[in-house]
Amino acid sequence: QVQLVESGGGLVQAGGSLRLSCAASGRIFSINAMGWYRQAPGNERELVALITDDIRNYADSVKGRFTISRDNAKNTVYLQMNSLKPEDTAVYYCNADIRTGWTSSKDYWGKGTLVTVSS
């Protein structure tokens, strides 16, 4: 079994910063893409940032403010969030495309961490 655990969420004032972490554990052969999604009440879950060996992609709403990175040795992905705005308030979910053996990969999800940005 594979588990993703997020950390780093909390309450911050507008203009402040937070860094989210997500560590994958279990029977992991390799990890392809890793990403962060978020969902606010009444909204659809949306992709915030995605990272592979080749690319880093960001939602237009966070470009220039958020930075995604990963530590492959630790099976961990990070999201550095700067210049936070109240509209960034949401539950942030970690996602990873993981191979557990000599088979095709599949998606795994964390349980989420809450980020609240006060005005």
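Tutor: Start with one residue. At 6% relative accessibility, Arg38 counts as buried. Buried means under 20% relative accessible area, exposed means over 50%, and partly exposed lies in between (1.4 Å probe, protein chains only).

Student: What should I know about the model itself?

Tutor: This is a predicted model: local features need pLDDT of at least 70, side-chain atom pairs count only at pLDDT 80 or more, and totals for chains, interfaces and linings use all residues. Residues are numbered from 1 along each chain as its sequence is written, and side-chain values use heavy atoms, with hydrogens and water left out.

Student: How do I read a salt bridge, and how many does the structure hold?

Tutor: Look for a side-chain nitrogen of Lys or Arg within 4 Å of a carboxyl oxygen of Asp or Glu. The structure holds 4 salt bridges. In one of them, the side chains of Asp88 and Arg38 meet, at 3.0 Å from N to O. Asp88 sits in the loop between E8 and E9, Arg38 in strand E4, and the two are 50 residues apart, so the pair links distant parts of the chain. The E labels are strands: helices (H or I, at least four residues) and strands (E, at least two) are DSSP runs, numbered from the N terminus.

Student: Is Asp88 buried or exposed?

Tutor: Asp88 counts as buried, because its relative accessibility is 1%.

Student: Which residue forms a salt bridge with Asp88 at 2.8 Å?

Tutor: Arg65 does; 2.8 Å separates the closest N and O atoms. This pair also links distant parts of the chain: Arg65 is in the loop between strand E6 (56–58) and E7, 23 residues from Asp88. Arg65 has 11% relative accessibility, so it counts as buried.

Student: What about Glu46?

Tutor: The side chain of Glu46 forms a salt bridge with that of Arg38 (2.8 Å, N to O). Glu46 is partly exposed, because its relative accessibility is 34%. Through shared partners, salt bridges join Arg38, Glu46, Arg65 and Asp88 into one network.

Student: Now the strands. How do I read pairing?

Tutor: Two strands pair if DSSP finds at least two bridges between them. E4 and E9 are antiparallel and pair over 8 bridges. Tyr37 has Tyr93 in E9 as its bridge partner.

Student: How many bridges join E9 to strand E10?

Tutor: There are 4, and the strands run antiparallel; E10 covers residues 106–109. Ala96 has Tyr108 in E10 as its bridge partner. E9 and E10 form a hairpin, with 6 residues between them. E9 also runs antiparallel to E11, joined by 3 bridges. There, Tyr92 has Thr113 in E11 as its bridge partner.

Student: Is E9 mostly covered or mostly open?

Tutor: Mostly covered: 8 of its 10 residues are buried.

Student: Last feature: how do I read a nonpolar core?

Tutor: Find buried Ala, Val, Leu, Ile, Met, Phe, Trp, Tyr and Cys residues joined through side-chain atoms within 4.5 Å. The largest nonpolar core here has 30 residues, of which Trp36, Leu79, Met81 and Tyr92 touch the most other members. E9 gives the most to this core, with 5 residues.

Student: Which residues is Met81 in contact with, beyond its neighbours within four places in sequence?

Tutor: Contact means heavy atoms within 4.5 Å. Among the residues Met81 contacts are Leu18, Leu20, Phe66, Tyr92 and Val115. Arg65, from the salt-bridge network, is in contact with Met81 too.
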